[in-house]
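Please look over the sequence and structure shown here before reading the notes below them.

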Amino acid sequence: MNIILLGPPGAGKGTQARRLVEERGMTQLSTGDMLREARSSGTEMGRKVAEVMDRGELVTDEIVIGLIAEKLEAGAGGGFIFDGFPRTLAQADALGALLDRMGQKLDAVIEMRVDDEALVARITARSNCGSCGEVYNDLTRPIPADGKCTKCGGTEFKRRADDNETSLRQRLMEYYKKTSPLIGYYYAKGDLTGVDGLAEIDEVSGAIKAILDA
């Protein structure tokens, strides 16, 4: 099963992707992680990535599609979650063409819908465990009173430098300009289903499970 999680920054895509990895054995394909892995791999593709990054240039869609192809060829029992890709209509077309060539398909595109103002309030209050990345929120899920992460027992917590209102609104605008057209694209193809991204984490997980098990 191959899926895409769509939604603006802070909608909870990463949290839900981690749950799908843990519960269904899926593989999360993060563009950033793939680029870092390729750069240090010593392969021909890795050398291309290193050369582009060393020049301070953006890695081309062709290279990213090549990295995704390598992952798809390697296989994954539970399927793949595409994280951070596609971001544009051209990338969506390229991903669709790649899946067709490899005899695979996209099983679901799940849009995590949010209200911007509620999202800003939620994101500016969030923090993460410095050890395992578990997400906490001053409003809805505070750091435990004993100061220990409930998942790994870590005691260091951090906030992202760009989790402030000004930065978040800029990131939202960038998302709406570049990525939101994908919502109409996948809707027209009949692949899109929406869930309430501002619901409790377990509720969102349940909604996603229902979509994937339908």
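What follows is a short briefing, grouped by topic, on side-chain contacts and a pocket. The model is predicted, so to speak of local features a pLDDT of at least 70 is needed and side-chain atom pairs count only at pLDDT 80 or more, while totals for chains, interfaces and linings use all residues. Residues are numbered from 1 along each chain as its sequence is written, and side-chain values use heavy atoms, with hydrogens and water left out.

**Aromatic pairs**

- A search of the whole structure finds three aromatic pairs, a pair being two rings of Phe, Tyr or Trp (its six-membered ring) with centres within 6.5 Å, called stacked if the planes are under 30 degrees apart, edge-to-face if over 60 and tilted for the rest.
- One of them joins Y136 and F157, whose ring centres are 5.6 Å apart and whose planes stand at 85 degrees, so this pair is edge-to-face.
- The pair links distant parts of the chain, with Y136 in strand β6 (residues 135-137) and F157 in strand β7 (residues 157-158), 21 residues apart; helices (H or I, at least four residues) and strands (E, at least two) are DSSP runs numbered from the N terminus.
- Y136 is buried, at a relative accessible area of 1%, whereas F157 is partly exposed at 23%; buried means under 20% relative accessible area, exposed over 50% and partly exposed in between (1.4 Å probe, protein chains only).
- Y175 and Y176 also form an edge-to-face pair, with 5.4 Å from centre to centre and 65 degrees between the planes; Y175 counts as buried at 8% relative accessibility, and Y176 is partly exposed at 33%.

**Salt bridges**

- Side chains of opposite charge can pair when their charged atoms come close.
- The count comes to 19 salt bridges, each defined as a side-chain nitrogen of Lys or Arg within 4 Å of a carboxyl oxygen of Asp or Glu.
- E37 and K71 meet through their side chains at 2.9 Å, N to O; E37 lies in helix α2 (residues 31-39) and K71 in helix α4 (residues 61-74), so the pair ties together parts that are 34 residues apart in sequence.
- E37 counts as partly exposed at 44% relative accessibility, and K71 is partly exposed with a relative accessible area of 25%.
- E134 and R141 form a salt bridge at 3.1 Å, N to O, in which E134 is buried at 17% and R141 is partly exposed at 29%.
- D163 and R171 form a salt bridge whose closest N and O atoms are 3.5 Å apart, with D163 buried at 10% and R171 buried at 18%.
- D163 and R171 also belong to a network of salt bridges that links them with R126, R160 and D162.

**Second largest pocket**

- The second largest pocket has a volume of about 150 Å³; on a 1 Å grid over the protein atoms alone, a pocket is an open set of points where a 1.4 Å probe fits, with protein on both sides within 12 Å along at least five of seven lines, and lining residues have an atom within 4 Å of a point.
- α5 (89-101) and α8 (181-188) each supply at least two residues of the lining, and α5 gives the most, with five residues.
- The lining residues, among them L95, L106, Y185 and K189, divide into six nonpolar, two polar and four charged.

Methods. Grid points are joined across faces, edges and corners, and a volume is the space filled by probe spheres set on the points. Ala, Val, Leu, Ile, Met, Phe, Trp, Tyr, Cys and Pro count as nonpolar, Asp, Glu, Lys and Arg as charged, and the others, Gly among them, as polar.
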